[in-house]
Amino acid sequence: VLFLQIVHILNMTSAKIVSFLLHPEESLHSLQNRIEFETGISTGNQELLLETGICLDPRKPASQCVIDGVRGWDSYMVYLFDKSKTVYDGPFASRSLSDCVNYIVQDSKIQLPIPQLRKVWAEAVHYVIGLKEDYSRLFQGQRAAMLSLLRYNANLIKMKNNMVSASQQLKAKLEFFHQSIRLDLERYSDQMAYGISSEKMLKAWKEMEEKASQCAQAEDIGYLDEQIMALHTEIVELQKSPYARRQGEVMETLEQRAIDLYKQLKTRPPDQAYSDSTDMVKIIVQTVQSQDRVLKELFGHLSKLLGCKQKIIDLLPEIEVALNNIKEADNSVMQMQGKRQREIWHLLKIACTQSSSRSLVSSSLEGTASTPAATWLPQSSPGNSAPHPLSSLAAPEDGENFADVIRENVNYLELFSSILQEVRQEQSCMMVS
């Protein structure tokens, strides 16, 4: 018997306890099917929480519901919630009275012998203690719901911080992108008259600026931030609420009074004396009334907790979407920035190529202008004003120099033609891109 594993499930929707004997290596899904059969809550809507607010792991066996050791194993509870409901309709009916206790409640002034009265009052004390314990278990269920809500809230805050951080980074990158593209457009306009121009590239840059303005919409997370802050304030108020703390002091006092009455009755000698149950019935009625009040407050507070939890569950996908939009906008901005920088470097390459081609052309023209003139100048000797008859003929050395000049000019012409061809190809490639 000591090795048997029994799990006690407190159904928070009905305030009833169902117990199951666990089979060896039984899975949690198998246990949930049995719970569905007993409670009518489908496995998809079941939320099983431990006292710490941790949800049971479906990957682990059902034995995770049972604590190790002998002490306290029969009182350890797992709390069952219906995820399809956020408003619980408590308070629920109190536990039923036994026949003998109900007998004295119907007529508290009836006289009973002391031995018989002891038995009736013992059951009455047990009933009062049971009412207090019922409330204590339900309060532990509410506390588990609060701890679960705080876990969800911690995850919400973490995702919110990631979202805000990503939004701020996107905002900074957009500001840098706008400033840099404005400067590039200004510098490009200044050099268009005497430098390089490309209508297609200019149009692409302006489209980038418009697209960056559209990306700014992704950084607008104000509506989500407002909802999260309002929800956070609501959760703080729920934590501060007096209903978040145990309200069973009155029931504990009534429990002690019932025990004291029973002790006083036990000290009376078991003679033929008779007595009524007015005082004990009064305690029973007050305990039932106190339980109704505290359970109404408890389930009202529990419904608010579950409502906040559902709001968090609804917000999490919206934050995920906002994060994805921010990441996509961030990647788009970085790609546009990289594309524009590559185009700027391409323009610089073309400008440098054109500059080098101009310098080669100018140097070749200077060489052709000076060399033939020196070659064809007539040779004169001092003292002779008339030229020599053969001075107009080129000497063998002069002929060789003239041929070298022609070959050099032809080489420069071929080089210049190839440079112009490369420039045309690069400009056409840039226009296509």
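Which residues does Thr-287 touch, not counting residues up to four places away in sequence? I looked this up and found Val-128, Leu-131, Met-251 and Leu-254. Contact here means heavy atoms within 4.5 Å.

**Entry: the model**

I noted that this is a predicted model, in which local features need pLDDT of at least 70, side-chain atom pairs count only at pLDDT 80 or more, and totals for chains, interfaces and linings use all residues. Residues are numbered from 1 along each chain as its sequence is written, and side-chain values use heavy atoms, with hydrogens and water left out. The protein chain has a mean pLDDT of 82, where pLDDT is the predictor's confidence in each residue, from 0 to 100. I found that 81% of the residues reach 70 or more. Over residues 368-398 pLDDT stays under 50. For that stretch the model has seven contacts beyond four places in sequence.

**Entry: Thr-287**

I placed Thr-287 in helix H7, residues 278-376. Helices (H or I, at least four residues) and strands (E, at least two) are DSSP runs, numbered from the N terminus. Thr-287 counts as buried because its relative accessibility is 0%. Buried means under 20% relative accessible area, exposed over 50%, and partly exposed in between, with a 1.4 Å probe and protein chains only.

**Entry: strand S3**

I looked next at strand S3, residues 46-49, and found both of its faces covered. Gln-46 and Leu-48 are buried on one side, and Glu-47 and Leu-49 are buried on the other. S3 runs antiparallel to strand S4 (residues 77-82), and four bridges join the two. Two strands pair if DSSP finds at least two bridges between them. In S4, Asp-82 stands opposite Gln-46.

**Entry: salt bridges**

I took a salt bridge as a side-chain nitrogen of Lys or Arg within 4 Å of a carboxyl oxygen of Asp or Glu. By this rule the count comes to 11.

I checked Glu-47 first, and its side chain meets that of Lys-309 in a salt bridge at 2.5 Å, N to O. This pair links distant parts of the chain, with Glu-47 in strand S3 and Lys-309 in helix H7, 262 residues apart. Glu-47 has a relative accessible area of 8% and so is buried. Lys-309 is buried too, with a relative accessible area of 6%.

I then found a salt bridge between the side chains of Asp-134 and Arg-95, at 2.9 Å, N to O. Asp-134 lies in helix H3 (residues 114-191) and Arg-95 in the loop between S4 and helix H2 (99-106), so this pair ties together parts 39 residues apart in sequence. Asp-134 is buried at 16% relative accessible area, whereas Arg-95 is partly exposed at 31%. I also noted a network of salt bridges that links Arg-95, Asp-134 and Arg-137.

The side chains of Asp-225 and Lys-160 meet in a salt bridge at 3.5 Å, N to O. Asp-225 is in helix H5 (residues 222-240) and Lys-160 in helix H3, so the pair ties together parts 65 residues apart in sequence. I found Asp-225 partly exposed at 26% relative accessibility, and Lys-160 buried with a relative accessible area of 15%.
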